[in-house]
Amino acid sequence: MTSTFLAQLLGVTRTNLSNQFQDGNRLLDLHRVVVAPLPGSAARTLEQLHARMTLVEPLH
């Protein structure tokens, strides 16, 4: 999803979201965890997000 959409869902600013993402990214890098983005365009609405979520396999 887009950062604008995620910030709206969480009730924060895009700047705050970006700062938190950078902190989280540093932790993931430290532990060598790679998170690959899903192919396709980013969700910009709840409907698009729901549609994208049905394409993701659950973690086991």
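This is a short chat about a predicted model and some of its residues.

Me: What kind of model is it, and how are residues numbered?
Reply: It is a predicted model, where local features need pLDDT of at least 70, side-chain atom pairs count only at pLDDT 80 or more, and totals for chains, interfaces and linings use all residues. Residues are numbered from 1 along each chain as its sequence is written, and side-chain values use heavy atoms, with hydrogens and water left out.

Me: OK, salt bridges. How many?
Reply: The count is 1 salt bridge. The term means a side-chain nitrogen of Lys or Arg within 4 Å of a carboxyl oxygen of Asp or Glu.

Me: Which residues make the salt bridge?
Reply: Arg 26 and Asp 23, through their side chains, at 2.4 Å from N to O.

Me: Where do Arg 26 and Asp 23 sit?
Reply: In helix α2, residues 14-30. They are 3 residues apart there, so about one helical turn separates them. Helices here are DSSP runs (H or I, at least four residues), numbered from the N terminus.

Me: Is Arg 26 buried or exposed?
Reply: Arg 26 is exposed, at 51% relative accessibility. Asp 23 is partly exposed, at 37%. The cut-offs: buried is under 20% relative accessible area, exposed is over 50%, and partly exposed is in between (1.4 Å probe, protein chains only).

Me: New topic. What is the volume of the largest pocket?
Reply: About 700 Å³. That volume is the space filled by probe spheres set on grid points, which are joined across faces, edges and corners. A pocket is an open set of points on a 1 Å grid over the protein atoms alone, where a 1.4 Å probe fits, with protein on both sides within 12 Å along at least five of seven lines.

Me: Which residues are closest to its centre?
Reply: Met 1, Leu 6, Phe 21, Val 35 and Pro 37, out of 24 residues that line the largest pocket. Lining residues have an atom within 4 Å of a point.

Me: Which helix gives the most to that lining?
Reply: α2, with 6 residues. α1, α2 and α3 (46-53) each supply at least two.

Me: And what classes of residue are in the lining?
Reply: There are 16 nonpolar, 6 polar and 2 charged residues. Ala, Val, Leu, Ile, Met, Phe, Trp, Tyr, Cys and Pro count as nonpolar, Asp, Glu, Lys and Arg as charged, and the others, Gly among them, as polar.

Me: Now α3. What does Leu 49 touch?
Reply: Leu 49 lies in helix α3. Neighbours within four places in sequence aside, Leu 49 is in contact with Met 1, Phe 5, Leu 9 and Ala 43. Contact means heavy atoms within 4.5 Å. Leu 49 is buried, at 17%.

Me: What about Arg 52, buried or exposed?
Reply: Buried, with a relative accessible area of 18%. Arg 52 is in helix α3 too. Its side chain reaches the backbone oxygen of Pro 39 at 2.9 Å. Not counting residues up to four places away in sequence, Arg 52 touches several residues, including Leu 38, Gly 40 and Ser 41.

Me: Where is Thr 2?
Reply: In the segment before α1 (3-10). Thr 2 is buried, at 14%. Beyond four places in sequence, Thr 2 touches Ala 42, Ala 43 and Arg 44.

Me: Last one. What is the phi of Arg 32?
Reply: Positive, about 55°, although Arg 32 is not a glycine. Arg 32 is in the loop between α2 and α3, and it is exposed, at 75% relative accessibility.

Note on methods
A polar contact is a pair of N or O atoms within 3.5 Å; within protein, one must be able to donate a hydrogen and the other to accept it, and residues adjacent in sequence count only if both atoms are side-chain atoms.
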